[in-house]
Amino acid sequence: MEKLLGGRAEVRYDTIYAEAMEKITDAEVEITDGWEEYHTQRADAETELDDAYRELTDGESEYEQGQRDYEQGKKDYAQGQKDYADGQQKVADARKELEDARQKVSDGEQELADARKELDDGWTEYYQAKTDAEQELADALRKLQNGETEYSDGLAEYNDGVDELEDAEDEIAQGEKEIRDGERELEAAEDELADAWKKLEAGKRELEENGAALENGLEQLAQGEAAYEAGLQALTDQAEQLGMTVEQLAAASSAAAETLQQLNSAKKLLDETRAELNAGKLQLDKGWDDYYDGLAEYEDGEARIAAARRELRDGRSELERGKKELADGRKELADAKKQLEDARRELDDGWKEYNDGKAEADRELADAYQKLQDGEREYADGLEELEYGKAELADGEQKLADAQKELEDAQRKLTDAKNDLDKAPGELADARQELDDGWKEYNDGRADADREFADAETELHDAEEELADAKEKLKDLKRATTYVLTRDENTGYACFESDTTIVAAVSVVFPVFFFLVAALVCMTTMKRMVDEERTQIGVLKAMGYGRAQIMSKYLFYSGSAALLGSAIGYSLGVTGLPWIIWEIYGLLYGFAPLEYVVLPTLASSSFAAALLCSMGATWLSCRMELKRQASELIRPKTPRAGKRVFLEYISPVWRRLSFLHKVSVRNVLRYRSRLVMMVLGIGGCTALLCTGFGIRDSIAHVADDQFDRITLYDYAVTFQDGQTRESAAAFLDRHGWTEEEALLVHSGSVDVQSPEGSKPVYLVISASDTLEGFLSLHNSEGPVAYPGRDEVVLSGGLAESLGVNVGDTVTLTIGKLGAMETVVSGLCDNYVFNYAYLSAQTYREHLYEDPDFSTLYVMAHEGADPYEEGAALLEDDDVGAVAVNEATRDRVDSMLSRLDYIVLVVVLCAAALAFIVLYNLTNINVTERVREIATIKVLGFYQNEVAAYVFREINILSILGSLAGLGMGKALHAFVMAQIRIDSMTFSSRIAPLSYLAAFVMTLLFTAVISLGMRPRLRRIDMAESLKSIE
Amino acid sequence: MSKFVRFEGVKKVYRMGEVEIEALRDATFAVEKGELCVIVGPSGAGKTTLLNILGGMDTLTEGRVFLGDEEVSAYTPRQLTAYRRHDIGFVFQFYNLVPNLTALENVELAAQICKHPLNPEEVLRSVGLGERLGNFPAQLSGGEQQRVAIARALAKNPQLLLCDEPTGALDYHTGKSILKLLQLMSRKNGMTVVIITHNSALTAMADRVIQVKNGTVLSVDINDRPAPVEEIEW
């Protein structure tokens, strides 16, 4: 490369020579211009001096005019003073008048105020009285109406009573008539009965007589039959005696025949009698039967009559009772009538009283009203008058003020005039003085101008001489030496590389969290939407919509939201963020204009992810709801039952919690998906913050560690040629340093090779086998010894990237000079660039030549500016270059200041994340619990208590999430730092305790801000929500 | 006895955009201390507005409202909150228990914010729920939930117990037992109880009946012989 760039020196010489020639030509032109300007200015100065002379002469004549004016002014002033005194008197009079008027107005106001108060009192009294009267009248009216109703009820009752009484009388009369008829009938019946008795007695007697006659007949019949039997016997006996039969006898004897005949006829007669008697007996029996029947009939009649008589007696007594009752009723009715009449009279009196009262009240109220109205009118008149008076007063005041103002103006003018007059003699004297000064100045100016022009001439001549010298010097210009640096050795390039890696690494982290949280937000939001639409889903289902139709409605909604959001997010993401980063780093590096790139894979994958998340969540929750029956969907969802949480079973802890804290703990553990979302979201926020701060911590220390702890010298002086310690000491002596204040080293480049690869790094060899005081070789375990024979010390970052450790062997190749095997004897901390340290002896033994000690590490003098000292050293012909460490340090520092912007972007993103999660959760929390919140408001919770009740769980979740986030942050930070791996810089991964604290506190701060922002929503919750029915 | 609750010419106008709705006008009545008062009227009569104003949940447009010697209508929002907190016990139609709290905790929720609360456990026992202290609302029947709600209101030891359709969501028998409890509270503890209902059968049990219709008080009647709850039917 050096060969390649060797011609650069010639080119450089030509360039510098050409530049110098150009400058000389420019100087010649400048001198010519100088002469020209000299002549122009001289002419101008002459003209100016002449003008001054003219002005001075004019001044003199003006001065005389001034003196005349002064005399006139004195006279005018005396007149003015007199006028002013008159004006003052007039104003004083006016003021007194106004004062009187004002008093009157304020009296009037007081009066009016009193009147107003009286009127108001009057109105209050009037309305009170009116209300009272109306109330009383209404009461009276109600009472009267009640009385009327009662009276008419009573009257109706009375009339009913009278009707009843009359009916009763009729009934009694009817009853009496009936009883009388009954008695008459009874008597007839008794007579009939007596006749019947007599007839029965006669029948009985006849029957007894007939019985006796029948007995007689029967006796006679018996006798006749006996006689018949005796005769027949006698005949028979006779016949027997004769031995013959009766018939024979009868035939034999006539006597006998006659007797027989007689006997036969007797028998015939007897039979007839018998038949007759039998018939008589039958008849007699029948007669007795009839008699007994008659007797029974008679007794029956007797009994009936007795019963009738009893009945009659009862009827009569009842009748008597009825009559008595009737009399009582009649008396009662009379009383009622009297009462009714009294009531009527009373009612009439009441009505009269009411009407009178009403009329009176109306009259009184009307009077009062009239009076009040009159009062109002009077008051209004008074008010108007007062207003008029006030206006006049204001007018007067205005006029007075104007007069006063005028007077003041006059006074001021007088004073001014007086001042002017007083000043005038002085001014006149000043003018005189000025004129005199003017004359003096004019004369001086003339002298100065002459002197200056002489100086300018001299200067121009000097310049001409200098130019001639410069031309001479240019001929002595020396040729230049060339140094070659690769881009890895360029601090700017190294910084740029590290910056890009950091941004790339950070950009890897964001999508992870944001995607997770976005997915969770989508899920909860969509689930909630489906929950809220549950009834509608039920209705649709009941109406006969298919599952797919219903689901497509919700899928369309969530899908379009996701598409829209993705489109916005994508366009912002590919333009906004790159723009920010471009702007931040553009300040440092001076980029070309930003060129936006659309990445189809990135676009399609982010769109797909968004769609999948929102539509997937919708699909899942829809499917769950749609499985239910329509009837079940239409009913409100049974609220999730409260349940105990595990903490309650740890009673020592549970008992120590205050009541409201227990509530919060239970709520926190109630919805597990929200818990996860919160912990992830808030944790993510904290983790991002940790990472952001951690990146800063890990990188910010580079400048301090490198330049305060490792690179201790202030600048490196590179000589044109190699030096020995003696020549170096001489050099130092020449420039005011002692030998202890500088160190001679070899500084070159070397390729370090290990089985895993090869890296070109800086090689440093101390001429005195130590770097003590100028470069500190150390690592976390302590100082690292300077390498001995065949040993090498490598910087830690280099060893890591080459995969070597203490004790391993590496090959060092130094340009074309050769290679050597060395053992790594130690690893030292180093952050900017990579170094290999070697001893001069090793170098010599392997390469058969001394290292070229051409670099001197120098400590700046106490309090001196390294840049100035360095610049001074460059004057020395032996010095080729001076590298001030301060410059590198500034470069690194400015890179770190860019890093602050990156951290800022991270913080903003973290805040956005926290905001999304917290807002979403808080919103759900509040919306779902509107009823509960309204209820506790009704219970009398103060605003703060309501807020605490709702937000406490958010706070608990935030703290939990934050704590989890600290852990996540540590892991995330380690991951990001592993991504940042560049050759020229080494970072040690670390997060300062303060960064953890800051991340934690900031997360809680975001929570607090959201809580504060949500408070108005809580305030707006209407307590009436608590009264509504459950949907 | 003094007039404990007083409404004087109370008017309430709601503004809905351009339209003004007069929910209550010229409402004037009083309730004495220790009375059981039933405010009855059809839906939309202004009962709930009246209750909201009396319960300190809403402000009024005109007129004045007193509880004891205090003018409630002149309170600031914060004073109104304190009024609800210390002076009012509220029983809702739909109980409004916090689902995530047990019966006892629901009562404690109210008890722990006021000055002289009653012991929540004892109050729950007094409404007959001594065995169900640790149950969550979802594990209680409607009547039991309403008992918890009453206990919650009583535990605050309020000056006034307001009940909005306390039997509205309950069946006949359960409703009766709740009314009996309310009547008992009024009789035994001298609590002033105001019940808002559209069910005019409840008027029989009241000491005082206020009829509301079309946004105004139609009548105020005093019932000399209030019937025991067992005897009323609806």
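# Exercises on a predicted two-chain model

**Exercise 1. Find the bridge partner of B:F90 in strand 7 of chain B.**

Solution. In strand 7 of chain B, B:L162 is the bridge partner of B:F90. The model is predicted. Next, take the strands themselves. Strand 6 of chain B pairs with strand 7 (residues 160-164) of chain B. The sense is parallel, over 4 bridges. Now look at the two faces of strand 6 (residues 88-91) of chain B. B:I88 and B:F90 lie on one side, B:G89 and B:V91 on the other. All four of these residues are buried, and both faces are covered.

**Exercise 2. Describe chain A as a whole: how many helices and strands are there in chain A?**

Solution. Chain A has 20 helices and 11 strands. Then check burial. Chain A has 1031 residues, and 19% of them count as buried. Last, consider the contacts in chain A with a separation of 6 or more. Residues 24 or more positions apart account for 85% of these.

**Exercise 3. Decide whether A:F513 is buried or exposed.**

Solution. Start with the place: A:F513 sits in helix 5 (residues 491-532) of chain A. Count the neighbours. A:F513 has 22 C-beta neighbours inside 10 Å. The cut-off for a buried residue is 20 or more. A:F513 therefore counts as buried. Now name the residues it touches. Leaving out residues up to four places away in sequence, A:F513 touches A:G684, A:L688 and A:L913. A:F513 and A:G684 are 171 residues apart in sequence. In space, C-alpha to C-alpha, they are 6.1 Å apart.

**Exercise 4. Work out how helix 12 of chain A lies relative to helix 19 of chain A.**

Solution. Locate the pair: helix 12 spans residues 672-710 of chain A and helix 19 spans residues 943-979 of chain A. Their axes come within 5 Å. The axes cross at roughly 45°. Helix 12 of chain A and helix 19 of chain A are therefore oblique to each other. The crossing of helix 12 past helix 19 of chain A is right-handed. By class, their contact has 16 nonpolar, 13 polar and 1 charged residues.

**Exercise 5. State what each chain gives to the contact between chain A and chain B.**

Solution. Chain A gives 22 residues and chain B gives 24 residues. Stay with the side of chain A that touches chain B. Helix 11 (659-668) and helix 18 (930-939) of chain A are the elements that give two or more residues to this side. Helix 18 of chain A supplies the largest share, 5 residues. Sort this side of chain A by class: 12 residues are nonpolar, 6 polar and 4 charged.

Conventions: Residues are numbered from 1 along each chain as its sequence is written. Chains are lettered from A and ligands numbered from 1 in the order in which they are written. This is a predicted model: local features need pLDDT of at least 70, side-chain atom pairs count only at pLDDT 80 or more; totals for chains, interfaces and linings use all residues. Two residues are in contact if their C-beta atoms, placed from the backbone, lie within 7 Å. Ala, Val, Leu, Ile, Met, Phe, Trp, Tyr, Cys and Pro count as nonpolar, Asp, Glu, Lys and Arg as charged, and the others, Gly among them, as polar. A residue is buried if 20 or more other C-beta atoms lie within 10 Å of its own, exposed if 12 or fewer, and partly exposed in between; C-beta atoms are placed from the backbone. Two strands pair if DSSP finds at least two bridges between them. Axes are lines fitted to C-alpha atoms, for helices over the stretch in contact, and angles run from 0 to 180 degrees between N-to-C directions. Angles under 35 degrees count as roughly parallel, over 145 as roughly antiparallel, 65 to 115 as roughly perpendicular and the rest as oblique. A crossing is left-handed if the near helix is turned anticlockwise from the far one by less than a right angle, and right-handed if clockwise.
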